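Please keep the sequence and the structure in view while reading.

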Amino acid sequence: LDEVYVATDDKRIFQAVQAFSGRVIMTSSSHRSGTDRCAEAMTKIPDQDFDVVINIQGDEPFVEASQLQSLMACFDKEDTQIATLVKPFSKDDGCKVLANPNSPKVVLNLQGEALYFSRSVVPYLRNIPQEEWLDHHVFYKHIGIYAYRKDVLKQLATLEPTPLEKAESLEQLRWIENNYRIQTAVTYVENVAVDTPEDLDLCLTELARRK
């Protein structure tokens, strides 16, 4: 990436980034989402000579360079407004992993754009036992990394919460409900995201392994 900033509302994080001479921006504590925080941080960047902003969320500590490159490639299409990553569930994941509500699923159209995100398993495979679903269909897991064109990010920050967003607690549904298109890129990298205390333990183990 050309430049990387940490956007935070916590003085401890601000000071920690300053301690290793990183770029850091203090933002409001009232933001409803990471997207809103990115939108504010973007306005505080002195040099605005960029077209796309990538939001690497703090709960995705092991993002791979290949994933960022896949996201950036989505903007080779001039009409891409927003981009995000998806990963196919494998047959080895099993029904329990597929049904985990902390791992949102996404349904794609034929152009690879997101039709819907859900904490439930979608689509429902009629007349097939649930334990066999992964044998008959490719289900996609959403990887919570976003990229936005600069002007689109400004617009997203002005949108009010929507019914589907409130129901699923997934901010990207607000964008779909307002007719924004979300292009996806497929990744096969398995990210360890921090959604629960158990996830944090896994991340600490992975960090120790990488050291």
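A nonpolar core is a set of buried Ala, Val, Leu, Ile, Met, Phe, Trp, Tyr and Cys residues joined through side-chain atoms within 4.5 Å; buried means under 20% relative accessible area, with a 1.4 Å probe and protein chains only. The model is predicted, so local features need pLDDT of at least 70 and side-chain atom pairs count only at pLDDT 80 or more, while totals for chains, interfaces and linings use all residues. Residues are numbered from 1 along each chain as its sequence is written, and side-chain values use heavy atoms, with hydrogens and water left out.

**Nonpolar cores**

- The largest nonpolar core has 24 residues, of which I82, F117, Y148, L153, L156, W175 and Y180 touch the most other members.
- Two or more residues of this core come from each of α2 (34-43), β4 (82-88), β6 (114-118), β7 (140-149), α6 (150-156) and α8 (172-177); helices (H or I, at least four residues) and strands (E, at least two) are DSSP runs, numbered from the N terminus.
- Helix α2 supplies the largest share of the core, four residues.
- A separate core of eleven residues includes I54, L68, C74 and A185.
- Leaving aside neighbours within four places in sequence, I82 is in contact (heavy atoms within 4.5 Å) with residues including F75, Y148, L156, W175 and Y180.

**Aromatic pairs**

- The whole structure holds five aromatic pairs; rings of Phe, Tyr and Trp (its six-membered ring) pair if their centres lie within 6.5 Å, and planes under 30 degrees apart count as stacked, over 60 as edge-to-face and the rest as tilted.
- Y146 and W175 form an edge-to-face pair, 5.0 Å centre to centre with 75° between the planes.
- Because Y146 lies in strand β7 and W175 in helix α8, this pair ties together parts 29 residues apart in sequence.
- Both Y146 and W175 are buried.
- Y148 and W175 also pair edge-to-face, at 5.9 Å centre to centre and 75° between the planes, linking strand β7 to helix α8 across 27 residues.
- Y148 has a relative accessibility of 0% and therefore counts as buried.
- One aromatic cluster consists of Y124, W133 and F139.

**A buried glutamine**

- Q67 belongs to helix α3 (residues 65-73) and is buried, with a relative accessible area of 0%.
- The side chains of Q67 and T187 make a polar contact at 3.4 Å; such a contact is a pair of N or O atoms within 3.5 Å, and within protein one must be able to donate a hydrogen and the other to accept it, while residues adjacent in sequence count only if both atoms are side-chain atoms.

Terms used: Buried means under 20% relative accessible area, exposed over 50%, partly exposed in between (1.4 Å probe, protein chains only).
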